[in-house]
Amino acid sequence: MPQHVVVGLDGSLESRFAARWAAREAVSREAPLLLVQVQDVDPDPLARVPGETAAHEWAEHTAEDVQAELHRTHAALRSTTEVREGPPPDVLAELSSPSGLLVLGSRGLGAIRGFLVGSVALPTVARAHGPVVLVRARPEPSPPETATTAPRARVVVGVDLGAPAGEVLTFAFDTAARWGAALHAVYGWEPPPAFGVRPLVAAEDARVRLNREKEEALAGLLRPWAEEHPGVPVEARAVVGVPGRLLLDAAADAGLLVVGRHARHGRLGPHLGSLAHAALHHAEIPVAVVPHP
C-alpha cells in the first residue's frame with residue numbers, strides 16, 4: 001500500500017497512542033491514514049463460533065471511534081477504517097510497503113497483551129516490506145499535541161560502519177527534515193581482544209585514536225545525506241561499548257530511534273537482528289525498524 005500510513009488497532013491504550021502518533025505522521029507526510037483492526041479468526045466457515053459477528057461489529061466501532069477522535073485534533077487528516085480477518089502478523093505485514101509506514105502500539109519488554117507480544121509484533125516487524133514504528137503509551141503532553149505541533153526532539157539512528165544501510169539513513173534524514181529536528185548518528189564498537197594484553201596507557205591511546213578514525217569515517221558516510229538535507233543539524237558519534245546499550249542511552253530523550261534490519265530469511269524464517277530486538281524491547285520512545293538488503 002504505497003504512501004499510506006497504516007496503524008494497527010487492537011483496542012488497547014497502546015494502539016490508541018500509536019494511532020495519535022500515526023495521525024501526526026500522516027499529516028506531516030501529506031499521506032492518507034488507514035486504521036485497521038485485525039481479527040484472527042478461523043478461515044474455515046464451519047469452525048466459526050457464535051459471537052464473531054458481534055466481535056466484528058465491535059472492531060468496526062472501535063476503529064470508527066479512534067478515527068473520530070483523530071479528526072477532532074487533525075483537521076487536515078484523510079483517513080479510512082477497515083476490519084480484516086487473518087493472522088495479524090501476516091495481514092499487517094501485507095499492508096506495509098517500502099514507501100509507506102506501518103505503526104503499532106508497544107508495551108515493551110514483558111508485554112502480556114497489545115501488539116508487542118512475540119506472536120504478533122516481532123513477526124510483523126520481521127516480515128514487513130517497509131518501515132515499522134512501535135509506539136509506547138506515554139502521558140499526554142500539555143497542551144495536547146496536534147498536527148501543527150509534531151515532535152521536534154532529535155532523531156537518533158544506529159549506524160553500522162561495516163555494513164551501512166542507505167535505506168535506514170534515508171528514512172532517518174527524511175524524518176528529521178520533516179520534523180525540523182536534529183539527527184544524531186551513533187556507531188558503537190568494542191576494542192579488539194588484543195587490547196587486554198597491552199599496557200593500559202598504550203591501550204587507551206590506541207582506543208582514542210581508533211575512535212577518532214571511526215568518528216571521521218562515520219561523518220564521511222553521512223555526508224551525502226547531510227548535503228541533501230542542509231537544514232538538518234547532524235551529530236556523528238563513535239562510542240566504545242556495547243552497541244545496543246549505547247544506542248538506547250543516546251536515544252533516551254529523543255523523539256525517534258531508527259534502526260535497521262536485514263530483509264532476509266533465516267532457516268527458521270524471518271528474524272530481527274540483536275540491535276533491533278533490543279531497541280523494540282527496551283526503548284521508551286518510538287522505534288522505527290527499517291528493512292534493508
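Predicted model: local features only at pLDDT ≥ 70, side-chain atom pairs only at ≥ 80, totals over all residues.
Arg16 is partly exposed, with 22% relative accessible area. Its salt-bridge partner, Glu69, is buried at 19%.

**Arg16 and its partners**

- Side chains of opposite charge can pair when their charged atoms come close.
- In the salt bridge between Arg16 and Glu69, the closest N and O atoms are 3.1 Å apart.
- Arg16 sits in helix α1 (residues 13-29) and Glu69 in helix α2 (residues 52-73), so this pair ties together parts that are 53 residues apart in sequence.
- Arg16 and Glu69 also belong to a network of salt bridges, linked with Arg20 and Asp65.

**A pair within helix α1**

- Arg29 forms a salt bridge with Glu25.
- The closest N and O atoms of Arg29 and Glu25 are 3.2 Å apart.
- Both residues lie in helix α1, four residues apart. That spacing is about one turn of the helix.
- Is Glu25 buried or exposed? Glu25 counts as buried, at 3% relative accessibility.
- Arg29 has 23% relative accessibility, so Arg29 counts as partly exposed.

**A pair across the chain**

- Arg136 and Glu284 meet through their side chains in a salt bridge, at 3.2 Å from N to O.
- This pair links distant parts of the chain, 148 residues apart.
- Arg136 lies in strand β5 (residues 132-136). Glu284 lies in the loop between α8 (274-282) and β12 (287-292).
- Arg136 is buried, with a relative accessible area of 11%.

**The salt-bridge total**

- How many salt bridges does the structure hold? The structure holds 10 salt bridges.
- Among them are Arg16 with Glu69, Arg29 with Glu25, and Arg136 with Glu284.

**Helix α3, an enclosed element**

- Why is helix α3 (residues 88-95) described as largely enclosed by the rest of the structure? Six of its eight residues are buried, so the rest of the structure largely encloses the helix.
- Two of the buried residues of α3 are prolines, Pro88 and Pro89.

Note on methods
Residues numbered from 1 in each chain as written. Heavy atoms only, no water. Buried < 20%, exposed > 50% of the residue type's maximum accessible area, 1.4 Å probe, protein only. Salt bridge = Lys/Arg side-chain N within 4 Å of Asp/Glu carboxyl O.
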